[in-house]
Amino acid sequence: MSAITPFGRRLQALRAPPAAAVAGTSERDALSLAAWLEDKHIRQYPVEARASLRAGQPGALGAYLEELGAPAAVIEHLARGRWRSICSWLLCVALQAEHGDNRERCEAAALAPAQPAQAALAPDH
């Protein structure tokens, strides 16, 4: 029985299909993961602006990380080719986005008018 890594748990938490399960060891992995996370969870860019990320154009990942407000350490990891670290950070951003979505739904449900319970009462005779 193999243990699931934190990286793998994050992918599972985001309901990543097996094809999206990446090792995070290459620039291609980082770009593919960034494009998938952007489409499914983060949604920072408008749909039409995601093409450069999907196509893996030079500079697309760096521009995306900057747009997301990546800390300087993450930008430095990009320059050094530390792909696993970048992928891990992107997964955390996606989890935060997903949590935010769920929080907003929960808050909306909590603020909605309460529906009276339909009690099954025996008729009075």
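How are α4 and α5 oriented relative to each other, roughly parallel or roughly antiparallel? The close-ups below show a predicted model, in which local features need pLDDT of at least 70, side-chain atom pairs count only at pLDDT 80 or more, and totals for chains, interfaces and linings use all residues. Residues are numbered from 1 along each chain as its sequence is written, and side-chain values use heavy atoms, leaving out hydrogens and water.

**View 1. Helices α4 and α5 pack at an angle of about 175°.** Their axes (lines fitted to C-alpha atoms over the stretch in contact, with angles from 0 to 180 degrees between N-to-C directions) are 10 Å apart. The two helices are therefore roughly antiparallel (over 145 degrees). Contact, meaning heavy atoms within 4.5 Å, is made by Leu 61, Gly 62, Leu 65 and Glu 66 of α4 with Val 74, Ile 75 and Leu 78 of α5.

**View 2. Helix α4 spans residues 60-67.** Helices here are DSSP runs (H or I, at least four residues), numbered from the N terminus. Look for Ala 60, Leu 61, Gly 62, Tyr 64 and Leu 65, which are buried (under 20% relative accessible area, 1.4 Å probe, protein chains only). Just after α4, Gly 69 takes a positive phi of about 80°.

**View 3. Tyr 45 and Tyr 64 form an aromatic pair.** Ring centres must lie within 6.5 Å to pair, and planes over 60 degrees apart count as edge-to-face. This edge-to-face pair has 5.2 Å centre to centre and 70° between the planes. Tyr 45 lies in the loop between α2 and α3 and Tyr 64 in α4, so the pair ties together parts 19 residues apart in sequence.

Definitions and conventions
Buried means under 20% relative accessible area, exposed over 50%, partly exposed in between (1.4 Å probe, protein chains only). Angles under 35 degrees count as roughly parallel, over 145 as roughly antiparallel, 65 to 115 as roughly perpendicular and the rest as oblique. Rings of Phe, Tyr and Trp (its six-membered ring) pair if their centres lie within 6.5 Å; planes under 30 degrees apart count as stacked, over 60 as edge-to-face and the rest as tilted.
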